[in-house]
Amino acid sequence: MDVAKLDLWFRRLISLVTVGFGITQLILPEKNIWIDAGFIICMAGVVGYYTNYLAIKMLFQPKQGKVLGWEGLVPKNKERIAESLGDSIQKNLLAPEIILE
C-alpha cells in the first residue's frame, strides 16, 4: 500500500474516532471514564499528528515557489545544508587519522 494513501486513511480515521468520542460524550447523560479517556487520548493524537504533519510540510514544501510567502526551510537553505554536510563528512568520516586507523 502506498504510504501517502495510508497516511490519508490514518488522518481520516483518527479525526473520525475523535469526533465520535466527542459526540458520545455530549449524548450520554452521565459521565463515563472510558469515553472521557478515549476522547482525551484521541484528541492528543490528533493534535500531535497535525503538529508533526505541519512541521514536515513547512520544512520540505512547497517544492515550487512560495505559498503565502513561505518557502520550505530545506529548499531555501539547500546550499548551506550541502556545504555543512560536506564539511562534517570530511572532518568526521574522511579525515586521514580516521581512515588510517
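How many helices and how many strands are there in the protein chain? Then, for a close look at helix 1, which of its residues are buried, and against which element do they pack?

Author: The model is a predicted one, in which local features need pLDDT of at least 70 and side-chain atom pairs count only at pLDDT 80 or more, while totals for chains, interfaces and linings use all residues. Residues are numbered from 1 along each chain as its sequence is written, and side-chain values use heavy atoms, with hydrogens and water left out.

The protein chain contains 5 helices and 0 strands; in this count, helices are DSSP runs of H or I with at least four residues, strands are runs of E with at least two, and both are numbered from the N terminus. Read from that end, the elements follow the order α-α-α-α-α. The average pLDDT of the protein chain (the predictor's confidence in each residue, from 0 to 100) is 82, and 82% of the residues score at least 70. Helix 1, which covers residues 3-27, has the highest confidence, at a mean of 90. The lowest mean, 68, belongs to helix 3, residues 73-76.

Helix 1 has 25 residues, and its end C-alpha atoms lie 36 Å apart. This agrees with the span that should result at 1.5 Å a residue, which is also 36 Å; the expected span is 1.5 Å times one less than the number of residues. Within helix 1, the buried residues are Arg11, Ile14, Thr18 and Gly22. Buried means under 20% relative accessible area, exposed means over 50%, and partly exposed lies in between (1.4 Å probe, protein chains only). The partner of these buried residues is helix 2, residues 33-60.

Side chains of opposite charge can pair when their charged atoms come close. Arg11 takes part in such a pair, a salt bridge with Asp7 whose closest N and O atoms are 2.9 Å apart; the rule requires a side-chain nitrogen of Lys or Arg within 4 Å of a carboxyl oxygen of Asp or Glu. Asp7 and Arg11 are 4 residues apart in helix 1, so about one helical turn separates them. Asp7 is partly exposed because its relative accessibility is 24%, whereas Arg11 is buried at 18%.

The packing can also be followed from the other side. Helix 2 has 28 residues and reaches 41 Å from its first C-alpha to its last, close to the 40 Å expected. Asp36, located in helix 2, is buried because its relative accessibility is 15%. When residues up to four places away in sequence are not counted, Asp36 touches Gln25 and Lys31.

The contact with Lys31 is also a salt bridge, with an N to O distance of 3.2 Å.

Of the 101 residues, 13% count as buried. Among contacts with a separation of 6 or more, 32% join residues 24 or more positions apart.

To return to the request, helix 1 packs through its buried residues against helix 2, and Arg11, one of those buried residues, forms a salt bridge with Asp7.

Notes. Contact means heavy atoms within 4.5 Å.
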